[in-house]
Amino acid sequence: MAEINMPENRPVIDYMARDYDSILRAMRALIPDKLPEWTEYTAEADFGNALLQLFAHMGDILSYYQDRVANESFLATAQTRRSVINHLNLIGYRMTTAVPAATRLTVTVPQSATGSVTVSRGAAFATASQPGRPSVRFEYNGTAPLTIDLGTLPPDPADATRKIYADGIPVEEGRIVADEVAGASDGSPGQRFPLLRAGVILRGTDDIVVRSELGGVVQAWTFQRSLAFSRSQQDFTVDIDENDRATLRFGDGRVTGFIPPLGSTIRVTYRVGGGALGNVAANTIKTVADAPALATAGARVFNPAPATGGADRESIEHAVDNAPAVFRSLERAVTTEDYRALALSVNGVGKVRASADRRNVITLFVAPDEGGQVSDVLAAALLSYFADKRPITTVVEIADVDYVPVWVTATVGVDSFYAQTAVAEAIRITAGGLLAFSAVDFGQNLYLSKVYEAIESVPGVVFTTVTEFRLDSMPAGTVEPTGRLSLGPNEIPVAPAASDYQGGIRLIMEGGY
């Protein structure tokens, strides 16, 4: 009989009622009835015993495969990314790729610099590499070149010998792969062309450009999420597998779009990269990696604000949770819950609240993955995503959330057999985790009792007294009398940025060694 287990709160069908030991015991139990003359069936040297062990081993393997097949046959129990991708394709849900972090770079040049410089698409900048942390590449990804008139730049307030371009160069983490030859058309329907680079960034129709070239004639092809309605159009789609490998797919010439002309060369321009690694701190992007015009002018760059919005590819857990809500909305945004579910399917969005406080206006309060403010790139991606999903009279606006610091200080007594530093680190993981981005949400209530519970669960803690539990609006060093901190509907609690509140809590340690 099948059993459904719940490891990590996910259902898993378990058909493993017959493992090696149980199969072997069952076969041996039948021997007295079936072959009473066989009495040495447990002897190591008995050939029949060896056969029973081989059969039990094969039965164990078959049970394992049976278990895997049963799990992968259902979305709720599937464990592998390939199975989840295939299940979601049935309802038209595409798991999102990694998205790049974005920021703006301030440029300074010597006072003697004159003329103008042009920053072209693909101009690259980078962070400095560190032990165990390679440099992160950022590129200017604008559709039009950016021209900076050096002669009209104002003096840099921080350095009298230099001038400053404070408007900033918008950059995104990642790398452009230009004019890659994917292959040549053989004229057959449903052709597929794998791309060489893994980790394609795919957010909208502009992220990948495909052209076919034959005899000097160049044809542009249009990216579509599905070819179901392409018919007689020059469309293509992209399939992303479980290893983040992308494959171009073209139509059949009848129902799902045109076939590239026989013998034509398929050229692709796309970007690779993305992920949370691009969410670098302020003043870390300082290297002009590949921007000759700026390097010649003696330019220096830095990012006054951190890069935000970078997110890893969509996880299996997020897809399984979010796909049913997106399917129920039929990818049409009507209710605020529709807007919320659809917005969460845009990679890079960590948390979102949809508000309909004004007539025909939906405001999306968005917190990017890992926190921070909404970048121009993420805001544009959201607006573009909702362009064909909202009613034509509805306006979608993107707003930042309010991050509210929560100040917690605790005096902790440590058992004499425990090291203070080890206990403090464990407390920062448990108690500080209460304010982790993944653990909080909009309008949340925070309780003093949870802080005590987290601290006292750490081995080696003898006693604890919380001497501060407050929001910014309360006096420093006070404890909320009710033991409950209430946040507004657009507020998300965060740990203070102060250095002595490491891990979101300030600790005063006593005892231990």
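1. Setting aside neighbours within four places in sequence, Thr363 is in contact with Arg353, Ala354, Ser355, Arg358, Glu397 and Ala399. This is a predicted model, and in it Thr363 belongs to strand β20, which spans residues 361-368. Thr363 has a relative accessible area of 13% and is therefore counted as buried, the cut-off for that class being under 20%.

2. Once neighbours within four places in sequence are left aside, Thr114 is in contact with Leu150 and Gly151. The C-alpha atoms of Thr114 and Gly48 are separated by 92 Å, although these residues are 66 residues apart along the chain.

3. How do helices α6 and α7 pack? Helix α6 (residues 336-344) and helix α7 (residues 376-386) pack at an angle of about 125 degrees, and their axes are 11 Å apart; α6 is therefore oblique to α7. The crossing in which α6 passes α7 is right-handed. From α6 the contact draws on Tyr339, Leu342 and Ala343, and from α7 on Leu382, Tyr385 and Phe386. Sorted by class, the contact of α6 with α7 has six nonpolar residues, with no polar and no charged ones.

4. The structure holds nine aromatic pairs, and one of them is formed by Tyr385 and Phe386, whose arrangement is edge-to-face, at 5.5 Å centre to centre and with 80 degrees between the planes. Both Tyr385 and Phe386 are buried. Elsewhere, one aromatic cluster is made up of Phe193, Trp221, Phe223, Phe236 and Phe250.

5. Helix α6 also meets α5, and here the axes come within 9 Å and cross at roughly 140 degrees, so that α5 is oblique to α6. In this case the crossing, with α5 passing α6, is left-handed. His318, Asn322, Ala325 and Val326 of α5 meet Ala341, Leu342 and Leu344 of α6, and by class the contact of α5 with α6 has five nonpolar, two polar and no charged residues. Leu342 of α6 takes part in the contact with α5 and also in the contact with α7.

6. Which residues of helix α3 (residues 81-89) are buried? They are Arg81, Ser83, Val84, Ile85 and Leu88, and what covers them includes α2 (47-72), β14 (235-240) and α5 (316-328).

7. Most residues other than glycine have a negative phi, yet Asp179, which is not a glycine, has a positive phi of about 50 degrees. Asp179 is in strand β10 (residues 175-184), and its 38% relative accessibility makes it partly exposed. Asn283 likewise is not a glycine and has a positive phi, of about 60 degrees. Asn283 lies in the loop between β16 (265-272) and β17 (285-290), and with 40% relative accessibility Asn283 counts as partly exposed.

Methods. Residues numbered from 1 in each chain as written. Predicted model: local features only at pLDDT ≥ 70, side-chain atom pairs only at ≥ 80, totals over all residues. Heavy atoms only, no water. Axes fitted to C-alpha atoms, helices over the stretch in contact; angles between N-to-C directions. Helix = DSSP H or I, 4+ residues; strand = E, 2+ residues; numbered from the N terminus. Parallel < 35°, antiparallel > 145°, perpendicular 65-115°, else oblique. Left-handed = near helix turned anticlockwise from the far one by under 90°. Contact = heavy atoms within 4.5 Å. Nonpolar A, V, L, I, M, F, W, Y, C, P; charged D, E, K, R; others polar. Phe/Tyr/Trp six-rings, centres within 6.5 Å; stacked < 30°, edge-to-face > 60°. Buried < 20%, exposed > 50% of the residue type's maximum accessible area, 1.4 Å probe, protein only.
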